[in-house]
Amino acid sequence: MENLMNKIVSLCKRRGFIYPGSEIYGGFSAVYDYGPYGAELVNAIKREWWKNMVQLRDDIVGLDSAIFMHPKIWEASGHVAGFSDPLVECKKCHIRSRVDHLLAEIGVEADEKMSEEEINKIFSKNKNNLKCPNCGQNDFTDVSKFNLLVKSNLGNFTDNWEKEPVYLRGETCQGIYVNYKNVLDSARVRIPFGIAQIGKAFRNEITARQFLFRTREFEQMEMQYFVHPNEEMKEYEKLREARWQYYLNLGFKEENLKWNKHKNLVFYAREAYDIEYNFPFGFDELEGVHARGNYDLSQHSNFSGKDLSYFNSEKKKKYIPHIIESSVGVGRTVFAVLTEAYTEEEIDGEVRIVMKFPKNLSPIKVAIFPLLRNKPDLVKKAKEIYDDLKKEHMCEFDDNGNIGKRYRRQDEIGTPFCVTIDFESLEKNDVTVRDRDTTKQERIKIGELKEYLKEKIKI
Ligand code: GAP
């Protein structure tokens, strides 16, 4: 499995999906940049999520709130006091590690939400069996809690900015909570309804590892659904079901998904499940689906002094809505989609690497090749077809090397269709279309090509 991880990371770099951040300066830990095909994949994933969450739903609207927010928001949300990971430092090599991760390595469960005292107790009991993941020594400091919020000096022109920081948002949903009333007053929504948003979030992760799984800058796709307290659990079950089905529709194999029910709920939560995916290092959290009670709106109501209750005009009743949420990282989805798609198979005695993305997620939908680059008639015809198809799909024109080499390149970036213009095309006005998954080729009339591809790709 470690091997699969290396293969995916290497393909991503080699083929322009994902690069380590700031690479020419020696890299920048836990930050990644998306290359040309990565950017296409990210956009396709976000488009698919938005379509599913907003476009196809009558009861959910979109939002795009700012990264910078009033610092009080992070006090109200509990992040300033409690958004922290338990950390120890190796006294030999000074590498810091998350205690819950070190304990998990030896099969001891600890929860990041435990108090410093509780986790110190578990740590002391198991300390002798732990090893520093960097140098292998067993000499640690005591546990301390490390706050994950990233500070900035925005708008603070004194030297005091460390004490009065403006934070970069640690999760996107706070922007939803603080705009709940705006949306209610300006959009045509009534409870139950949801607000969805996609955007960047920042966390000072201690141990950033496992490629895109845990990064310090990442994007979240979050939907917060506002419900009557009595409806919370019914709506929660509906959301769980919808989110499971979403991944199946995205082409994930069901055996690569599982539910993980939280054992230690935070005090306000009614229920919490994660959808876990079978990443190359094993099952881990892909998405959280949580029933959060009325905690979020109550907190913001108390801290802001604004009434955030909902008035049911038919029943003449006021209440603070409860919230159920779906929250997933774009990067984790990209990683899962890459894992799901990575395939090595033997074709005619040769091993090929092929990314079997669902067609609507493929960065390039159609590649167009003239059979030979030194035949102007073939190149001209191929260019005409390319210019026409690119109005509808992301396309690539390639006349470099033999056809076999061009197919292999497109297989590695997951292009579902390759169109070749050969000598017969000039006479019969048709092309060959090669299917990525079956490698079978069909001759299609140029006049019918657009419709043929549209039907097959179906975005
Ligand atoms: N609003 C709830 C919330 O933010 P979370 O479990 O901290 O909950 C939700 O994060 C999702 O965001 C995770 O399931 C994961 O997909 C993604 N995520 C969280 N931290 C991440 C990180 N450091 N790097 C990449 N993705 C992350």
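Into which domains is the chain divided? The chain splits into domain 1 (2-81 + 150-338), domain 2 (84-147) and domain 3 (364-457). These bounds come from an automatic or database domain assignment. Taken over C-alpha atoms, the centres of domain 2 and domain 3 are 55 Å apart.

This is a predicted model: local features need pLDDT of at least 70, side-chain atom pairs count only at pLDDT 80 or more, and totals for chains, interfaces and linings use all residues. Residues are numbered from 1 along each chain as its sequence is written, and side-chain values use heavy atoms, with hydrogens and water left out.

**The chain overall**

The chain has 15 helices and 23 strands. Both are DSSP runs numbered from the N terminus: helices are H or I with at least four residues, strands are E with at least two. The C-alpha trace spans about 75 × 65 × 50 Å along its principal axes. Of the 459 residues, 51% count as buried. Buried means under 20% relative accessible area, exposed over 50%, and partly exposed in between (1.4 Å probe, protein chains only).

**The ligand site**

The shell around the ligand holds 20 residues; Arg203, Glu205, Glu222, Glu285 and Leu286 come nearest. A residue is near if one of its heavy atoms lies within 4 Å. The shell divides into 6 nonpolar, 5 polar and 9 charged residues. Here Ala, Val, Leu, Ile, Met, Phe, Trp, Tyr, Cys and Pro count as nonpolar, Asp, Glu, Lys and Arg as charged, and the others, Gly among them, as polar. Strands S10 (217-227), S13 (282-291) and S16 (322-329) each supply at least two shell residues.

| Residue and protein atom | Ligand atom | Distance |
|---|---|---|
| Thr215, polar backbone atom | nitrogen | 2.8 Å |
| Gln220, polar side-chain atom | oxygen | 3.0 Å |
| Leu286, backbone N or O atom | oxygen | 2.8 Å |

The protein covers 90% of the 560 Å² of accessible area that the ligand has on its own. Such areas come from the Shrake-Rupley method with a 1.4 Å probe.

**Arg434**

Is Arg434 buried or exposed? Arg434 is buried, with a relative accessible area of 6%. Arg434 sits in strand S22 (residues 430-435). The side chains of Arg434 and Asp411 are joined by a polar contact of 2.8 Å; within protein, one atom must be able to donate a hydrogen and the other to accept it, and residues adjacent in sequence count only if both atoms are side-chain atoms. Beyond its neighbours within four places in sequence, Arg434 is in contact with residues including Arg352, Tyr407 and Phe417. Contact means heavy atoms within 4.5 Å.

Terms used: Polar contact = N/O pair within 3.5 Å; in protein donor to acceptor, adjacent residues only side chain to side chain.
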